[in-house]
Amino acid sequence: MSRSHELYQQVILDHNKNPRNYRVIPDATYSCEGHNPLCGDHITLFLNVGADGIISDVSFQGNGCAISKASASMMTTFLKGKSSDEAKSLFKEFHDMVIGDLDPDVQETHLGKLTLFKGVREYSSRIKCASLAWHALMGALEKQVSATTEA
Amino acid sequence: MLNIKADFPVLNRLFGGDAGEPGMALHYLDSAATTQKPLSVIETMDRFYRESYGTVRRGVYRLSEKATAEYENTRKKVAKLLNAASEKEIVYTSGTTQSINLVAYSYGRKFLKPGDEILLSTIEHHANIVPWQLITEMTGAVIKVIPVDDTGTLILSEYAKLLTERTRIVAVNHVSNALGTINPVKEMIRMARQANHFNPQDPTRRGAVVLIDGAQSVSHMKVDVRDLDADFYAFSGHKMFGPTGIGILYGKSAILESMPPYQGGGDMIERVTFARTTYQKPPHRFEAGTPAIVEVVGLGAALDYLAHLGLDRIAAHENALLQYGTRLLSEIPELRLIGTAPHKASILSFTLEGVHPHDIGTLLDEEGIAIRAGHHCAQPTMDRFGVPATARASLGPYNDTADLDALAAGLRKIIEVFR
């Protein structure tokens, strides 16, 4: 398992098994259901944003593969305390990284440990798994009730 | 057992090897999605392009006349494969999906009235659901769904209750692509005839027609449309060793005659004026435009290959592999087989506890094993079994026990990674 070794790292496997922030926020400011029509996977993202524009809480629930679940889990831990504008620019960086337009090994990013997902660019069929939670996040920030990876 | 890997070029090359590494052989276990192509099909199409290519049914030069003869010859081969009464009952389409859409848009739009009922089964492919949904929106007809039991077997007693004088179309697959269930289509057609036979004296007894989606059956078992008494039988060339872009709709002559064109264009008309256009007889009425000529010729070569192997031998080979694979996978405690009908074709759909099918697919790929992961364009089937997706290994006559051994070993490795 050579190529997949880069993708299925311990951290990702751990987040898949024990996803962080895997819960409902009952009084969430925004929530959005993200769909991947290619595979039928879906997650619901919950978001609390304060009057200062800072994300005070973020969580998710749903059904997906290890890549989509770990991506959602790591995204939620990473976003807490960031502003919604920061979240939007992180989406862009993450998206560019997984489609191969941004290489964190040579270019500067603000993605921190989320650069673990750079391996996804080797798998065209799995890019949408990694970005599903991010599409739901963007949907929530834009006050949509549902979002799709096909947008 | 058959031993035919040598006939398929892609099964004889190595994948993913870099400097110093020899690469891996391909364990191709996705024949339900599409089959690999034997050399005879590839060479026939190549030769046709090089030596014999011309348009069909309109050229007056010898190249076109010869191309037309080859093109129409495939129709005879298909009629023979299905035991159709005549090659006039064989319509060329782009695939199963277009075949079903043709029936929905031509037959359905003409004959369906508000309140008429279309019966589908729970375990249909989206291609045998969505065209009917589109037609119900246009006609006011309604869809009723035949349930399945926990093994994936259709519940015929429930089907019997759903058959009424309002039933106008029954559309079911011969073999489920997601589960492998072989449906008792001969019995189901007989039941449809009994429940709702055509009676010209009684306007409420307009009769139900039965369409069988044969995408997963024609290259795996003998199909005799007259023995089944099917009104329509639809399938794709690319799932039976032929090229993509060519499919077949079989329809009984009298029914095809009653149907209006589905698409307009060249080659399907008798006479065109701006005042009035008259149409060709079936099958050409349904074949507007320049067709997939070389693909039709390629399908002809695929049918020759199928005849050379023999459908009885293919069925026996695949059934032996199915038994072997079922036993092998059943020995993995974390594995749940989805679809355990007593009558099954060579499809092994399953889930692994704690591992999503997409992860299974990606990790098996690293071992050179190609399977399908997802909902298999059968989301209602997934819903019925309470899973978002399954992993699916589907077999063809070129598979062997080594492919299944590799699958089982690969799955055990994945379970370790995810433990």
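User: Buried or exposed: which one is B:F8?
Analyst: This is a predicted model, where local features need pLDDT of at least 70 and side-chain atom pairs pLDDT 80 or more, while totals for chains, interfaces and linings use all residues. Residues count from 1 along each chain as its sequence is written, chains are lettered from A and ligands numbered from 1 in the order written, and side-chain values use heavy atoms, without hydrogens and water. Buried is under 20% relative accessible area, exposed over 50%, partly exposed in between (1.4 Å probe, protein chains only). B:F8 has a relative accessible area of 0%, so call B:F8 buried.

User: How many aromatic pairs turn up over all chains?
Analyst: The rings of Phe, Tyr and Trp (its six-membered ring) pair if their centres lie within 6.5 Å; planes under 30 degrees apart are stacked, over 60 edge-to-face, the rest tilted. Searching the whole structure gives a count of 17.

User: What kind of pair do B:F8 and B:Y305 make?
Analyst: You describe a ring pair by the distance of the centres and the angle of the planes. Here the centres are 5.7 Å apart and the planes at 80°, so B:F8 and B:Y305 are edge-to-face.

User: How many residues apart are B:F8 and B:Y305?
Analyst: Helices (H or I, at least four residues) and strands (E, at least two) are DSSP runs, numbered from the N terminus. B:F8 is in the segment before β1 (14-15) of chain B, and B:Y305 is in helix α9 (residues 293-309) of chain B. The pair links distant parts of the chain, with a separation of 297 residues.

User: What is the relative accessible area of B:Y305?
Analyst: B:Y305 counts as buried. Its value is 6%.

User: What's the angle between the planes of B:F241 and B:Y398?
Analyst: Both residues are buried. Their pair is edge-to-face, 6.2 Å centre to centre. The planes sit at 75°.

User: Which residues form one aromatic cluster with B:F8?
Analyst: Both pairs above go into this cluster, which takes in B:F8 and B:Y305 as well as B:F241 and B:Y398. Besides B:F8, the members are B:F241, B:Y305, B:Y398 and B:Y28.

User: Which side chains meet in a salt bridge between chain A and chain B?
Analyst: A salt bridge is a side-chain nitrogen of Lys or Arg within 4 Å of a carboxyl oxygen of Asp or Glu. The count between chain A and chain B is one. At 2.9 Å, N to O, the partners are B:D359 and A:R126.
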